Amino acid sequence: MDWQWLTLTLNQAFTWTLSNSIEASLLVLLILLCQQLGKKHFPIRWHHAVWFLLLWKLAVPWSIDSTISLYNWLPTSPWTSIQETHPPTEPIVLTTEALHPHEFALQPDASLANEASFSCISLLSLIWIGGVAIFAITMTRSAYRLLSQLKNDVFVQDEAILRVFSQCQKQMGITKSIPLRLSHQMTSPALMGILRPQIWLPENLLDKLNEHELRHIFLHELAHWKRRDIPVNSIMSVLLILNWFNPLLWYAASRMRQDQEMACDALALTYLQETEVPRYGYTMIKMLELYACPKQIRFTAGFSSSKKQVKRRIEMIRHFQKRAYTWTLSGIVVVFALGVFTLTDAKKVLGNEVTFSVPAEGETRSAPDQTSLSIINNLNTPVKAAAAGKVLKAEYDTKTRKGNQVILEHEDGYQTVYSHLEKLEVTAGATVTQGQLIGLLGSTGRSTGPHLAFQILENGTPVDPTKLLENGKTQE
């Protein structure tokens, strides 16, 4: 197993997740601010829908670069560029070297080939992946245990209750068969299941509620299914596993669930007569009295809430109007603006692009395909970083016989590759500045004499170095 490649891949995944989580935290603060300012102006449905921007931010690994992105104002971290491209598994062989029939078969330095790069980022990456594993196992076991406890629960057979439930389905235009089950494990009515949804009711609930109160509960749970809240909650739970280290995202998930319940209340109320709306609130209060501490179960969507959440829902019900579940122009504009400013990536303004300098002195020759340079000079000539960046790789390359090799990662998706070095002066994970010594010119690996093989890659693709080097002159 290529441990070096595995380490680099893990570091890349962690740095992207960390950077994305930080940006998502800023989005959470903006959403909370907009909700607070627009509490009385935006519809109930909007308060939950705006959280889908956070889901998109956390789940989608790419976005469009934009000069108006809010993240242009964030300080640039020296290691964030590692996330822009995948670490190369095999550096490209220079065309100029293939023309030389003579090869120097030098043995690789075992200490360099087997040395595992270990840095602060590597340590944090291990902690992160360990936390992901722990949270994933814990949530999986919890879900499996619950399903094991519920699998033998009985189905509701009472014809009067099934008739009320069927009427609610018909009223909401739901034709899918959704079974009703009774459970001694549940402390609140809840919808569960993505492909085969079912509604679980507490075992003794049917004896304590009348037909109108049951109808309110059925409308609420069917609203969860109609709004596809179970898949949304499941996706959010998975994203929380990946971002377990960010407490603000856990709080955001909690607020999202609260807004989801209010949005379901609003949808359910649209199917009630105006005179029935207050009775819906009484049903909620009665449920709170019956089940004072309802369990919050992941991958489900329930009816009951804590006392604090019920207060918010009752307040919404008191002032409910049918238009509370419709979109408004102002709400659409705010969501669109938040998306434009927060779902785009930072883009460097003109004049701040990465610039490269010639990495070593000597006779410079360009390959026929214009994808690499050979810089010929005496053994042990200093080789310097062409631009500031992160050391992605510093070891003897045994796959393509490029000898001692250094790969640097720069901003804007650029990488620079330095091959056939006599000696390495940096280690993987280190941060270097432009002009810093990274190695000595040599002839290790497949080489016909002392020279530096130099490449510039943009998003993993070799480009003509002569177009990017400052004051770089080459000989064809």
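Leaving aside residues up to four places away in sequence, L201 touches L180, R181, L182, S183, P189, L206 and F218, where contact means heavy atoms within 4.5 Å. The model is a predicted one, so to speak of local features takes pLDDT of at least 70 and side-chain atom pairs count only at pLDDT 80 or more, while totals for chains, interfaces and linings use all residues. Residues are numbered from 1 along each chain as its sequence is written, and side-chain values rest on heavy atoms, with hydrogens and water left out.

L201 also turns up in the largest nonpolar core, which has 41 residues; L180, I199, L201, F218, L222 and L269 touch the most other members. Such a core is a set of buried Ala, Val, Leu, Ile, Met, Phe, Trp, Tyr and Cys residues joined through side-chain atoms within 4.5 Å; buried is under 20% relative accessible area, exposed over 50%, and partly exposed in between, with a 1.4 Å probe and protein chains only. Two or more residues each come from α7 (159-172), β2 (180-183), β4 (198-202), α8 (211-226), α10, α11 (277-290) and α12 (307-318). These labels follow DSSP runs numbered from the N terminus, with helices (H or I) of at least four residues and strands (E) of at least two. The top contributor is α8, with seven residues.

Next come the helix pairs. Helix α9 (residues 229-242) packs against helix α10 (residues 247-269) at about 175 degrees, with the axes 11 Å apart; axes are lines fitted to C-alpha atoms over the stretch in contact, and angles run from 0 to 180 degrees between N-to-C directions. That makes α9 roughly antiparallel to α10 (over 145 degrees; under 35 is roughly parallel, 65 to 115 roughly perpendicular and the rest oblique). On the α9 side, D229, V232, N233, M236 and L240 make the contact, and α10 brings L249, W250, A253, M256, R257, Q260 and C264.

Helix α6 (residues 120-150) meets α9 too: their axes come within 8 Å and cross at roughly 145 degrees. Here W128, V132, F135, A136 and M139 of α6 face S237, I241 and L242 of α9.

Further along, strand β12 (residues 403-409) has seven of its seven residues buried. Strand β11 (residues 389-397) pairs with β12 in the antiparallel sense over seven bridges, pairing being at least two DSSP bridges between strands. D397 sits opposite G403. β12 also pairs antiparallel with strand β13 (residues 414-424), over five bridges, and L408 has T416 as its bridge partner.
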